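Me: I have a model open and want to learn to read its features one by one. Show me the structure, then take my questions in turn.

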Amino acid sequence: MRAIPESVKILYYANTSDEPYVEIVTVTHQKSRQRSVCSLLDSLDSQDLLPVLLDLSHVLKEHHLDKLFAHMPVRTQEYHWKLMYSTAEHGTSLKTLYRNMTDVDRPVLLVVKDMDNQVFGAFSSDPFKVSTCCYGTGETFLYSFSPDFQVFRWSGKNSYFIRGFFDSLQMGAGGGHFGLWLDADLHRGSSYSCNTFCNRPLSIHQDFIIQDVEVWTFV
(Lines give C-alpha, C1' and ligand atoms only; values in the text may rest on other atoms or scores of the structure.)
Protein backbone atom coordinates (compact mmCIF):
# COMPACT_ATOMS: atom_id res chain seq x y z
CA MET A 1 0.00 0.00 0.00
CA ARG A 2 1.19 3.51 -0.78
CA ALA A 3 2.39 5.78 2.00
CA ILE A 4 -0.43 7.91 3.47
CA PRO A 5 0.32 11.68 3.62
CA GLU A 6 -0.40 13.56 6.86
CA SER A 7 -3.15 15.51 5.09
CA VAL A 8 -5.10 12.30 4.40
CA LYS A 9 -7.39 10.68 6.95
CA ILE A 10 -8.22 6.94 6.59
CA LEU A 11 -11.95 6.28 6.89
CA TYR A 12 -12.07 2.48 6.44
CA TYR A 13 -10.75 -0.41 4.34
CA ALA A 14 -13.01 -2.28 1.96
CA ASN A 15 -12.72 -6.09 1.95
CA THR A 16 -12.30 -6.11 -1.80
CA SER A 17 -9.57 -3.49 -2.00
CA ASP A 18 -6.09 -3.05 -0.64
CA GLU A 19 -6.44 0.72 -0.86
CA PRO A 20 -8.34 2.56 1.90
CA TYR A 21 -11.21 4.95 1.47
CA VAL A 22 -9.82 8.32 2.51
CA GLU A 23 -10.87 11.86 3.37
CA ILE A 24 -8.70 14.84 2.40
CA VAL A 25 -8.09 17.02 5.44
CA THR A 26 -6.98 20.62 4.97
CA VAL A 27 -4.18 21.43 7.38
CA THR A 28 -4.31 24.99 8.77
CA HIS A 29 -1.08 26.46 10.04
CA GLN A 30 -1.05 27.51 13.68
CA LYS A 31 -0.09 31.07 12.77
CA SER A 32 -3.18 31.50 10.61
CA ARG A 33 -5.38 30.03 13.30
CA GLN A 34 -3.93 32.42 15.82
CA ARG A 35 -4.89 35.43 13.68
CA SER A 36 -8.41 34.08 13.43
CA VAL A 37 -8.65 33.75 17.22
CA CYS A 38 -7.32 37.29 17.69
CA SER A 39 -9.91 38.62 15.25
CA LEU A 40 -12.64 36.96 17.28
CA LEU A 41 -11.29 38.42 20.51
CA ASP A 42 -11.08 41.85 18.93
CA SER A 43 -14.72 41.56 17.98
CA LEU A 44 -15.66 40.56 21.50
CA ASP A 45 -13.57 43.37 22.98
CA SER A 46 -15.35 45.95 20.83
CA GLN A 47 -18.68 44.73 22.19
CA ASP A 48 -17.36 44.82 25.74
CA LEU A 49 -16.48 48.51 25.28
CA LEU A 50 -20.16 49.44 25.24
CA PRO A 51 -21.33 50.64 28.65
CA VAL A 52 -23.73 48.50 30.68
CA LEU A 53 -27.09 50.21 31.17
CA LEU A 54 -28.80 49.21 34.39
CA ASP A 55 -32.12 50.62 33.19
CA LEU A 56 -34.05 50.83 29.94
CA SER A 57 -33.43 53.87 27.77
CA HIS A 58 -36.20 55.24 25.57
CA VAL A 59 -33.66 57.24 23.57
CA LEU A 60 -30.20 55.68 23.46
CA LYS A 61 -29.41 53.03 20.87
CA GLU A 62 -26.21 51.04 20.42
CA HIS A 63 -24.65 53.53 18.00
CA HIS A 64 -25.32 56.37 20.46
CA LEU A 65 -23.63 54.43 23.26
CA ASP A 66 -20.66 53.54 21.10
CA LYS A 67 -19.95 57.15 20.15
CA LEU A 68 -20.62 58.66 23.56
CA PHE A 69 -18.58 56.12 25.51
CA ALA A 70 -15.49 56.84 23.41
CA HIS A 71 -15.60 60.51 24.45
CA MET A 72 -16.41 60.13 28.14
CA PRO A 73 -13.78 61.02 30.74
CA VAL A 74 -11.68 58.02 31.72
CA ARG A 75 -12.87 58.22 35.32
CA THR A 76 -16.41 57.27 34.24
CA GLN A 77 -15.60 54.42 31.89
CA GLU A 78 -15.35 51.66 34.49
CA TYR A 79 -18.86 52.25 35.75
CA HIS A 80 -22.33 51.13 34.74
CA TRP A 81 -24.91 53.69 33.64
CA LYS A 82 -27.88 54.25 35.96
CA LEU A 83 -30.95 56.20 34.92
CA MET A 84 -31.69 58.95 37.45
CA TYR A 85 -34.39 60.80 35.58
CA SER A 86 -36.60 60.16 32.57
CA THR A 87 -39.59 62.10 31.29
CA ALA A 88 -41.09 58.75 30.25
CA GLU A 89 -40.95 57.51 33.85
CA HIS A 90 -40.96 60.59 36.08
CA GLY A 91 -43.02 63.10 34.13
CA THR A 92 -42.03 66.38 32.52
CA SER A 93 -40.73 68.49 35.39
CA LEU A 94 -37.38 70.18 35.89
CA LYS A 95 -38.15 70.27 39.61
CA THR A 96 -38.36 66.46 39.66
CA LEU A 97 -35.13 66.24 37.71
CA TYR A 98 -33.37 68.36 40.36
CA ARG A 99 -34.93 66.32 43.18
CA ASN A 100 -33.70 63.06 41.67
CA MET A 101 -30.17 64.50 41.60
CA THR A 102 -30.15 65.30 45.35
CA ASP A 103 -28.07 62.29 46.41
CA VAL A 104 -25.90 62.13 43.29
CA ASP A 105 -22.28 63.16 43.81
CA ARG A 106 -20.77 62.28 40.44
CA PRO A 107 -20.99 63.35 36.80
CA VAL A 108 -24.20 62.97 34.80
CA LEU A 109 -25.12 62.60 31.15
CA LEU A 110 -28.05 64.58 29.80
CA VAL A 111 -29.83 63.09 26.78
CA VAL A 112 -32.47 65.02 24.85
CA LYS A 113 -34.63 63.85 21.96
CA ASP A 114 -36.76 66.46 20.23
CA MET A 115 -39.88 66.18 18.11
CA ASP A 116 -37.71 66.03 14.99
CA ASN A 117 -36.17 62.84 16.46
CA GLN A 118 -32.80 64.55 16.85
CA VAL A 119 -30.67 63.29 19.76
CA PHE A 120 -28.26 65.60 21.59
CA GLY A 121 -27.32 66.72 25.07
CA ALA A 122 -24.44 67.27 27.44
CA PHE A 123 -21.99 65.58 29.74
CA SER A 124 -21.91 67.48 33.03
CA SER A 125 -19.04 67.19 35.48
CA ASP A 126 -21.54 67.85 38.29
CA PRO A 127 -25.12 66.74 38.95
CA PHE A 128 -27.79 69.28 38.07
CA LYS A 129 -29.03 71.53 40.86
CA VAL A 130 -30.49 74.95 41.49
CA SER A 131 -27.62 77.38 41.95
CA THR A 132 -26.93 81.08 42.48
CA CYS A 133 -23.93 80.96 40.14
CA CYS A 134 -22.42 78.82 37.41
CA TYR A 135 -20.80 75.53 38.35
CA GLY A 136 -18.98 72.67 36.65
CA THR A 137 -15.51 72.06 35.23
CA GLY A 138 -13.80 71.82 31.87
CA GLU A 139 -14.81 68.14 31.63
CA THR A 140 -18.28 69.35 30.70
CA PHE A 141 -19.15 69.17 27.01
CA LEU A 142 -22.08 69.36 24.61
CA TYR A 143 -22.74 66.75 21.93
CA SER A 144 -25.09 66.15 19.04
CA PHE A 145 -26.06 63.35 16.66
CA SER A 146 -27.74 65.85 14.36
CA PRO A 147 -26.97 64.90 11.67
CA ASP A 148 -23.60 63.32 12.51
CA PHE A 149 -22.01 62.80 15.90
CA GLN A 150 -19.97 65.74 17.16
CA VAL A 151 -18.62 66.78 20.54
CA PHE A 152 -18.15 70.40 21.62
CA ARG A 153 -15.63 70.70 24.43
CA TRP A 154 -14.75 73.64 26.60
CA SER A 155 -13.25 76.48 24.57
CA GLY A 156 -11.56 78.16 27.55
CA LYS A 157 -13.24 81.47 26.74
CA ASN A 158 -15.40 81.47 29.88
CA SER A 159 -16.57 79.13 32.63
CA TYR A 160 -20.34 79.36 32.20
CA PHE A 161 -20.68 75.59 32.22
CA ILE A 162 -23.97 74.98 34.03
CA ARG A 163 -26.51 77.03 35.91
CA GLY A 164 -29.75 75.73 37.35
CA PHE A 165 -32.85 77.82 37.97
CA PHE A 166 -36.27 76.65 39.07
CA ASP A 167 -37.62 77.75 35.70
CA SER A 168 -34.78 76.62 33.44
CA LEU A 169 -31.53 74.69 33.05
CA GLN A 170 -28.73 76.43 31.17
CA MET A 171 -25.50 75.01 29.78
CA GLY A 172 -22.89 77.21 28.14
CA ALA A 173 -23.27 80.95 27.60
CA GLY A 174 -21.64 84.02 26.12
CA GLY A 175 -22.38 85.83 22.93
CA GLY A 176 -25.96 86.43 23.99
CA HIS A 177 -27.11 82.79 23.78
CA PHE A 178 -27.03 79.50 25.66
CA GLY A 179 -25.46 76.36 24.25
CA LEU A 180 -28.41 74.38 25.61
CA TRP A 181 -31.46 75.66 27.45
CA LEU A 182 -34.46 73.69 28.78
CA ASP A 183 -37.61 75.15 30.34
CA ALA A 184 -39.28 74.27 33.66
CA ASP A 185 -41.74 71.83 32.07
CA LEU A 186 -39.11 70.16 29.90
CA HIS A 187 -41.36 70.92 26.99
CA ARG A 188 -39.41 73.57 25.13
CA GLY A 189 -35.71 74.06 24.63
CA SER A 190 -33.19 75.94 22.55
CA SER A 191 -29.60 75.59 21.40
CA TYR A 192 -27.44 78.35 19.96
CA SER A 193 -23.74 78.84 19.45
CA CYS A 194 -22.08 80.06 22.66
CA ASN A 195 -18.60 81.08 23.73
CA THR A 196 -18.23 78.38 26.38
CA PHE A 197 -18.18 75.55 23.86
CA CYS A 198 -18.00 77.31 20.49
CA ASN A 199 -20.70 74.89 19.38
CA ARG A 200 -23.11 74.93 16.53
CA PRO A 201 -26.83 74.53 17.37
CA LEU A 202 -27.32 70.99 18.59
CA SER A 203 -30.54 70.29 16.66
CA ILE A 204 -31.77 71.17 13.20
CA HIS A 205 -33.87 73.95 14.77
CA GLN A 206 -32.43 76.39 17.31
CA ASP A 207 -35.76 76.35 19.17
CA PHE A 208 -37.28 72.91 19.56
CA ILE A 209 -40.04 70.93 21.25
CA ILE A 210 -38.82 68.19 23.58
CA GLN A 211 -39.94 64.59 23.14
CA ASP A 212 -37.81 62.85 25.79
CA VAL A 213 -35.22 63.78 28.41
CA GLU A 214 -33.01 61.33 30.30
CA VAL A 215 -30.27 61.88 32.86
CA TRP A 216 -27.79 59.09 33.55
CA THR A 217 -25.11 58.77 36.19
CA PHE A 218 -22.30 56.27 36.74
CA VAL A 219 -22.31 53.69 39.52
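Predicted model: local features only at pLDDT ≥ 70, side-chain atom pairs only at ≥ 80, totals over all residues.

Me: How many bridges join β10 to strand β11, and in which sense do the two run?
Reply: Two strands pair if DSSP finds at least two bridges between them. Here two bridges join β10 to β11 (residues 188–190), and the strands run antiparallel. Tryptophan 181 stands opposite serine 190 in β11. β10 and β11 form a hairpin with four residues between them. In that turn, leucine 186 has a positive phi of about 50°.

Me: How does β9 pair with β10?
Reply: The sense is antiparallel, over four bridges.

Me: How many helices and strands does the protein chain have?
Reply: Helices (H or I, at least four residues) and strands (E, at least two) are DSSP runs, numbered from the N terminus. The protein chain has four helices and 12 strands.

Me: Glutamine 170 lies in strand β9. Is glutamine 170 buried or exposed?
Reply: Buried means under 20% relative accessible area, exposed over 50%, partly exposed in between (1.4 Å probe, protein chains only). Glutamine 170 has a relative accessible area of 14%, so it counts as buried.

Me: Which residues is glutamine 170 in contact with?
Reply: Contact means heavy atoms within 4.5 Å. Leaving aside neighbours within four places in sequence, glutamine 170 is in contact with Phe161, Ile162, Arg163, Phe165, Phe178, Leu180 and Trp181.

Me: Now lysine 82, in strand β3. What does lysine 82 contact?
Reply: With neighbours within four places in sequence set aside, the contacts of lysine 82 are Leu54, Asp55, Val215, Trp216, Thr217 and Val219. Lysine 82 and tryptophan 216 are 134 residues apart in sequence, yet 5.4 Å apart in space, C-alpha to C-alpha. Lysine 82 is partly exposed, at a relative accessible area of 33%.

Me: Which share of contacts joins residues at least 24 apart?
Reply: Take contacts in the protein chain between residues at least 6 apart in sequence. Of these, 55% join residues at least 24 apart.

Me: How do I read a core, and which residues touch the most other members?
Reply: A nonpolar core is a set of buried Ala, Val, Leu, Ile, Met, Phe, Trp, Tyr and Cys residues joined through side-chain atoms within 4.5 Å. The largest nonpolar core holds 30 residues. Leu97, Leu110, Phe128 and Leu180 touch the most other members. Elements that each supply at least two residues of this core include β3 (81–86), α4 (94–100) and β12 (207–218). The largest share, four residues, comes from β12.

Me: Zoom in on leucine 97. What is leucine 97 in contact with?
Reply: Neighbours within four places in sequence aside, leucine 97 is in contact with Tyr85, Phe128, Leu186, Val213 and Val215. Apart from this core lies another, of 17 residues, among them Leu65, Leu109, Phe141 and Val151.

Me: How many aromatic pairs are there?
Reply: Rings of Phe, Tyr and Trp (its six-membered ring) pair if their centres lie within 6.5 Å; planes under 30 degrees apart count as stacked, over 60 as edge-to-face and the rest as tilted. The structure holds seven such pairs. Phenylalanine 123 and phenylalanine 141 are stacked, 5.4 Å centre to centre with 15° between the planes. Phenylalanine 123 is in strand β5 and phenylalanine 141 in strand β6 (residues 141–144), 18 residues apart. Phenylalanine 123 is buried at 0% relative accessible area. Phenylalanine 141 is also buried, at 0%.

Me: Why is the pair of phenylalanine 145 and phenylalanine 149 called tilted?
Reply: The planes lie at 40°, so the pair is tilted; the ring centres are 4.7 Å apart. Phenylalanine 145 is buried, at 11%. Phenylalanine 149 counts as partly exposed, at 21%.

Me: Where do charges sit over rings?
Reply: A charge sits over a ring if NZ of Lys or CZ of Arg is within 6 Å of the ring centre and within 35 degrees of the ring normal. The charged end of arginine 153 sits over the ring of phenylalanine 141, 4.8 Å from its centre. Arginine 106 lies over the face of tyrosine 79, at 5.8 Å from the ring centre.

Definitions and conventions: Residues numbered from 1 in each chain as written. Heavy atoms only, no water.
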